[in-house]
Amino acid sequence: MFVFGGFSQNVKLRPSDISIDNLIFKLHYRFTFALLVACTILVSSRQFIKEHIQCLSDKRVKDVINTFCFFSSTFTVTRYHNDSYRPGIHIASPGVGPVEEGDEVTHHAYYQWVPFVLFGQAILFYLPHYIWKALEKGRISAIVSQVKTSIYTADTDTVINGYNIDSHETRKNREKVFKDIYMSWARLKVNRDWAKNYILCEFLNIANIFLQILLVDSFLQGNFLDLGVRWIRDEQEVLETVFPKLTKCTFHKFGPSGTVQNHDALCVMALNIINEKIYTLLWFWFLILLFFTSLGVLWRLLSFLLHSRNGTFNRWVWAEVSPGPALKAAEIEMIATKLTFSDWLFLYYIGKNMDSRMFRRVVSDLSQNLGKPLLSIKGSDASNLASESYC
C-alpha cells in the first residue's frame with residue numbers, strides 16, 4: 001500500500017474536464033501508462049522483495065558474489081530444460097545442473113533492466129497523447145471555455161450591471177457565441193489540420209503497440225510473442241525458461257597462493273516471481289489493446305468514408321453525441337455535405353463537451369448558415385473573440 005500510495009500522490013490520473021480524444025486513446029495514455037508505472041515501482045521496491053538475488057556460496061564471499069551475479073548475469077543450461085531431467089533427482093531445478101564441455105547455456109541479464117524498460121514503455125505509451133495535445137493547441141478547450149466565460153453567457157445567478165440575466169437569453173447568447181466562433185474558424189480554415197493530426201496520433205498508438213511487442217520480445221530473448229499461448233496450454237517450462245527461479249553463476253577470484261579459484265554458485269531469483277506475472281499480464285493486455293485500437297482505426301476509416309455519403313451513419317453519430325430529439329434529416333445532410341471531414345470531426349468532439357440540448361440547437365443554426373456565402377453577424381465581436389481565444 002505504501003508503494004501505490006506514493007504513486008497516486010505523484011501521478012495525477014484524474015480525467016480532464018475537456019475531452020479531446022476517445023476511450024481507446026485513453027486506454028493508452030491513462031490505463032496502460034499507469035499500469036506500467038505501477039509495475040516499475042513494484043519491481044524497484046524492496047518492500048515486497050527484500051533481496052532481488054541470493055546466491056548460495058562461501059559466507060566469506062557471499063555479499064561479493066550476490067553483487068557480482070546481479071550486475072553481471074546468471075545462466076541456465078539449455079539441456080536441463082528437458083522432462084528427462086527431474087528436479088530433485090537429476091538436477092537441482094529446471095536448467096540447473098552440472099556444466100559439461102560443449103553445453104549450451106542461456107545467460108539471463110534482463111532482470112537488471114526490467115524497471116528501466118518498463119518505465120521507458122510507459123513513456124512511449126504517453127508520447128502520442130503528448131504529441132496530440134501539442135498539435136491540438138487547446139482549440140476545443142478555447143471554444144468551450146469562451147462559451148462558458150463570455151460576459152454574454154454568464155450564469156443566471158450572476159448580476160451584471162445590476163440586472164439579472166434571463167436563463168433563456170443566456171442560452172441563446174451561448175449558442176450565438178459558439179456558432180459565431182465555430183463558423184469564423186471554419187471560414188478561416190483554422191481546423192483543417194485537426195483531423196489529420198488526430199488520425200496521425202491514432203496511428204502512432206497502433207504503431208507503438210507493435211513496437212512494444214517487438215521490443216519486449218527482443219528483451220526476453222524471443223520468448224514473448226507466444227508467451228500467453230504457451231501459458232494457456234499450461235506449458236510451465238516457458239516460465240521456468242524465461243523467468244527461472246534458480247540459476248547458476250560463476251565467480252573467479254585469486255586464492256592465498258595466487259591461483260585462480262572458481263566459485264560455482266546457485267542463485268535464487270526472487271524477483272522473477274513478480275516478473276513472470278507482469279509480463280504474462282502484459283502479453284494479454286497488449287493483445288486486448290491491439291484489438292481495440294485496430295477497431296478504433298477501422299472506425300476512423302469508416303467515418304472518413306461515410307461522413308458525407310451516408311445519412312443513416314450521420315444520424316447515428318449525432319444521436320450518440322447528443323442524446324435526445326433527433327436532428328432533422330435536412331440539417332444532418334447540410335452538416336455532412338458542406339463540412340470537410342476535419343470540421344465535421346471537430347464539431348463532433350465539440351458536441352462531446354457541450355450540453356446536448358444546446359448543441360442540437362447550435363447544429364440546427366449551423367446548418368442554416370453553411371449555405372450562406374458570408375456570416376450574418378452583428379459587428380465583429382464574435383470573430384475577434386474567436387481569434388483571441390485561439391491565439
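The legends below accompany close-up views of a predicted model.

**Figure 1. Overview of the predicted protein chain.** The protein contains 15 helices together with seven strands, and 45% of its 391 residues are buried. Taking the contacts between residues that lie at least 6 apart in sequence, 76% of them join residues at least 24 apart.

**Figure 2. Packing of helix 2 against helix 4.** Helix 2, which spans residues 23-44, packs on helix 4, which spans residues 114-136, at an angle of about 160° and with the two axes 8 Å apart. Because an angle over 145 degrees counts as roughly antiparallel, helix 2 and helix 4 are described as roughly antiparallel to each other. The crossing in which helix 2 passes helix 4 is left-handed. On the side of helix 2, the contact is formed by Phe25, His28, Tyr29, Thr32, Phe33, Leu36, Val37, Cys39, Thr40, Val43 and Ser44, and these residues meet Val114, Pro115, Leu118, Phe119, Gln121, Ala122, Phe125, Tyr126, Pro128, His129 and Trp132 on the side of helix 4.

Figure 3. One aromatic cluster is formed by Phe25, Tyr29, Phe33, Tyr126, Trp132, Trp194, Tyr198, Phe346, Tyr348 and Tyr349. Among its members, Phe25, Tyr29 and Phe33 in helix 2 also take part in the contact with helix 4, as do Tyr126 and Trp132 from the helix 4 side.

**Figure 4. Two aromatic pairs with contrasting ring geometry.** When ring centres within 6.5 Å are taken as paired, the count comes to 26 aromatic pairs. In the pair of Trp283 and Phe284, the ring centres are 5.0 Å apart and the planes stand at 85°, so the arrangement is edge-to-face. Trp283, at 11% relative accessibility, counts as buried, whereas Phe284, at 26% relative accessibility, counts as partly exposed. The pair of Phe313 and Trp344 is instead stacked, with 6.2 Å from centre to centre and 25° between the planes. This second pair links distant parts of the chain, since Phe313 belongs to helix 11 (residues 311-321) and Trp344 to helix 13 (residues 341-352), 31 residues apart. Both Phe313 and Trp344 are buried.

Figure 5. Leaving aside residues up to four places away in sequence, Ile332 touches Asn314, Arg315, Trp318 and Leu327. The C-alpha atom of Ile332 is separated by 8.4 Å from that of Val363, a residue 31 residues apart from Ile332 along the chain.

**Figure 6. Crossing of helix 12 and helix 14.** Helix 12 packs with helix 14, which covers residues 356-369, at an angle of about 65° and with the axes 9 Å apart. Helix 12 and helix 14 are therefore roughly perpendicular to each other, and their crossing is left-handed. Helix 12 contributes Glu331, Met334 and Ile335 to the contact, while helix 14 contributes Val363, Ser364, Leu366 and Ser367. The residues of this contact between helix 12 and helix 14 divide into four nonpolar, two polar and one charged.

Key
Residues numbered from 1 in each chain as written. Predicted model: local features only at pLDDT ≥ 70, side-chain atom pairs only at ≥ 80, totals over all residues. Heavy atoms only, no water. Axes fitted to C-alpha atoms, helices over the stretch in contact; angles between N-to-C directions. Helix = DSSP H or I, 4+ residues; strand = E, 2+ residues; numbered from the N terminus. Parallel < 35°, antiparallel > 145°, perpendicular 65-115°, else oblique. Left-handed = near helix turned anticlockwise from the far one by under 90°. Contact = heavy atoms within 4.5 Å. Phe/Tyr/Trp six-rings, centres within 6.5 Å; stacked < 30°, edge-to-face > 60°. Buried < 20%, exposed > 50% of the residue type's maximum accessible area, 1.4 Å probe, protein only. Nonpolar A, V, L, I, M, F, W, Y, C, P; charged D, E, K, R; others polar.
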